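Let's go through a protein model together, one feature at a time. Have the picture open while you read.

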Amino acid sequence: MKVTPTKIPDVLLIEPQVFGDERGFFLESFNLKNFRTKTQSDINFVQDNHSKSQQGVLRGLHYQLHYPQGKLIRVVRGKIYDVVVDLRQSSPTFKQWVGLNLSRTSFHQLWIPPGFAHGFLVLSDVAEVLYKTTDYYHQEDEHTLLWNDPQLRIDWPITNLDHLILSPKDQAGQSFSQIPYYP
Ligand SMILES: Cc1cn([C@H]2C[C@H](O)[C@@H](COP(=O)(O)OP(=O)(O)O[C@H]3O[C@@H](C)C(=O)[C@@H](O)[C@H]3O)O2)c(=O)[nH]c1=O
């Protein structure tokens, strides 16, 4: 697997080795030893999530404050634009965001350490996203940062605003100036 820092260096693009043959393909979607070595972390994952969404769905931007979750994201169907925002006040990249495409065909994964808000926009007809998390879901601890916060100016690749689909929770997200940050 190849690991490349994104423009927020703690957020890593992971390219697994894919073995293709006449039957199809094989890849190790996760290998604890390799993951720990290449990301220089001693992370443990405790939960696997799977969501399916139609084109135009935007989920996020979510984070848990007291139970921060590191997330390892991959797409097994379709294509998404994945976005993270650094909410760690002590970080040199505090308040910066990074967005990139993840798709079934690229096999790319994204490692987001604890301390970030996360969300994605579905670009294909349908997308299924799988992700591992380093802490359990705590609904009472979850916060939603507004996807179109005017300060952050995230450049979502939205072609038609009328086709955007958000949950009521995500429509009611808080602005960057209102949300609580990590230390
Ligand atoms: C995230 C989550 C949700 N749920 C439940 C709560 C709710 O009834 C239903 C749907 O929840 P949500 O609307 O929050 O699902 P969703 O908008 O897909 O939330 C996810 O968004 C992406 C961007 C992330 O980064 C994730 O961490 C998570 O916050 O599933 C769980 O039981 N466990 C979980 O871990």
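**Reading the fold, step by step**

A: Let's start with the record: the unreviewed UniProt entry marks His62 and Tyr131 as "active site". They span 70 residues in sequence, yet no two of their C-alpha atoms are more than 13.7 Å apart, so they gather at one spot. Keep in mind that the model you're looking at is predicted.

Q: Okay, let's take His62 alone. Which strand holds His62, and is His62 buried or partly exposed?

A: You'll find His62 in strand S6. To judge burial, we count C-beta atoms around the residue, and 20 or more within 10 Å makes it buried. His62 has 18 C-beta neighbours inside 10 Å, so His62 counts as partly exposed.

Q: And which residues is His62 in contact with, leaving aside its neighbours within four places in sequence?

A: Those are Ala117, His118, Gly119, Glu142 and Thr144.

Q: Now the other annotated residue. Where does Tyr131 lie, and is Tyr131 buried or exposed?

A: Tyr131 is part of strand S12. It counts as buried because it has 22 C-beta neighbours inside 10 Å. With residues up to four places away in sequence left out, Tyr131 is in contact with Asn49, Lys71, Leu72 and Ile73.

Q: Let's do sheets. How do I read one?

A: Here's the general idea: strands of a sheet pair through backbone hydrogen bonds, either parallel or antiparallel. Now the case here: five strands make an open sheet, and reading across you get S9-S8-S11-S6-S13, with antiparallel pairing. S9 and strand S13 (142-144) are the edge strands, each pairing on one side only. On average, neighbouring strands of this sheet are turned by 25 degrees against each other, direction ignored.

Q: Can we zoom in on one pair? Over how many bridges do S8 and S11 pair?

A: Seven bridges join S8 and S11, in the antiparallel sense. For a landmark, look at Asp82, which stands opposite Phe120 in S11.

Q: What is the strand order in the open sheet of six strands?

A: The order is S1-S2-S10-S7-S12-S5, and the pairing is antiparallel. Strand S1 (2-5) and strand S5 (47-54) stand at the edges with a single partner strand each, so one side of each has no neighbour in the sheet. From one strand to the next, the twist averages 25 degrees.

Q: S10 sits between S2 and S7 in that order. How do I follow its pairings?

A: Take one partner at a time. S2 and S10 pair over three bridges in the antiparallel sense, and Leu12 has Trp111 of S10 as its bridge partner. S7 and S10 are also antiparallel, over four bridges. There, Lys71 stands opposite Ile112, while Arg74 has Gln109 as its bridge partner.

Q: What about a hairpin? How many residues lie between S3 and S4?

A: Two residues lie between S3 and S4, which form a hairpin. Strand S3 (residues 18-21) and strand S4 (residues 24-27) pair in the antiparallel sense over four bridges. In this pair, Phe19 has Phe26 of S4 as its bridge partner.

Q: Last one: which members of the largest nonpolar core touch the most other members?

A: That core has 34 residues, and Val11, Ile80, Val84, Val85 and Ala117 touch the most other members. Among the strands that each supply at least two residues of this core are strand S2 (12-15), strand S8 (79-86) and strand S12 (126-133).

Technical notes
Residues numbered from 1 in each chain as written. Predicted model: local features only at pLDDT ≥ 70, side-chain atom pairs only at ≥ 80, totals over all residues. Core = buried A, V, L, I, M, F, W, Y, C linked by C-beta atoms within 7 Å. Buried ≥ 20, exposed ≤ 12 C-beta atoms within 10 Å, placed from the backbone. Pairing = 2+ DSSP bridges. Axes fitted to C-alpha atoms, helices over the stretch in contact; angles between N-to-C directions. UniProt positions renumbered as here; feature names shortened; annotations may be inferred. Contact = placed C-beta atoms within 7 Å.
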